[in-house]
Amino acid sequence: MKNIFQHAVSEEIIQRINQLTPGTQRQWGKMSVDQMLAHCNVPYAYTFHPENFKKPGSFTKFILRTFVKKAVVSETPYKKNGRTAPEFIINGGRDFQKEKTKLIENIRKAQELGQQYFDGKENISFGKMTATEWNNMFYKHLDHHLSQFGV
């Protein structure tokens, strides 16, 4: 899997994002392009501002770490039309340019912080994760949704 913490990989993802327009149509799924950009910002919001979110309870944490984490942080690509966690569902229209700008800023911030920053960093849902797990989560999610919109 490509390493989102490498400058060239982050810039490649950003180039793909820059190919999107407000009229770009999805190839599968239900989200519009503005909703997809907002959706892709959610993992970064959870990462950079966990204090803004309610931590999962003990039972939910157990379920997330036991059954969901591997699917999210492994190198196995997501399947088309897979289930989305309720917290990641974006309803209603969003400001395309605002979400696009925010996503690019989030990608660059993560890349600049680098692997060392993320290695052992706590994830609100999955607990402490390795830099590789953080990379896989970020890169795989972005690649999946950019592919969904043909870029």
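**Fold, burial and salt bridges**

Modeller: Buried residues make up 47% of the 151 residues in the protein, where buried means under 20% relative accessible area, exposed over 50% and partly exposed in between (1.4 Å probe, protein chains only). This is a predicted model, in which local features need pLDDT of at least 70, side-chain atom pairs count only at pLDDT 80 or more, and totals for chains, interfaces and linings use all residues. Residues are numbered from 1 along each chain as its sequence is written, and side-chain values use heavy atoms, with hydrogens and water left out.

Colleague: What pattern does the protein follow along the sequence?

Modeller: Helices (H or I, at least four residues) and strands (E, at least two) are DSSP runs, numbered from the N terminus. The protein has five helices and two strands. Read along the sequence, their pattern is α-α-α-α-β-β-α.

Colleague: Which residues does threonine 47 touch, not counting those up to four places away in sequence?

Modeller: Threonine 47 lies in helix α2, residues 33-48. Its relative accessible area is 5%, so threonine 47 is buried. With contact meaning heavy atoms within 4.5 Å, the residues touched by threonine 47 are Phe118, Lys121, Trp134 and Phe138.

Colleague: How many salt bridges does a search of the whole structure find?

Modeller: Side chains of opposite charge can pair when their charged atoms come close. A salt bridge is a side-chain nitrogen of Lys or Arg within 4 Å of a carboxyl oxygen of Asp or Glu. The search of the whole structure gives a count of seven.

Colleague: How far apart are the closest N and O atoms of glutamate 12 and lysine 2?

Modeller: Glutamate 12 and lysine 2 form a salt bridge. Glutamate 12 is in helix α1 (residues 7-18) and lysine 2 in the segment before α1, so the pair ties together parts that are ten residues apart in sequence. Glutamate 12 is partly exposed at 27% relative accessibility, and lysine 2 is partly exposed at 38%. Their closest N and O atoms are apart by 2.7 Å.

Colleague: Which residues are linked in a network of salt bridges?

Modeller: Glutamate 99, buried at 5% relative accessibility, meets arginine 94 in a salt bridge of 3.9 Å, N to O. Glutamate 99 also forms a salt bridge with lysine 102, at 4.0 Å between the closest N and O atoms. Lysine 102 and glutamate 99 are three residues apart in helix α4 (residues 96-118), so about one helical turn separates them. The network links Arg94, Glu99 and Lys102.
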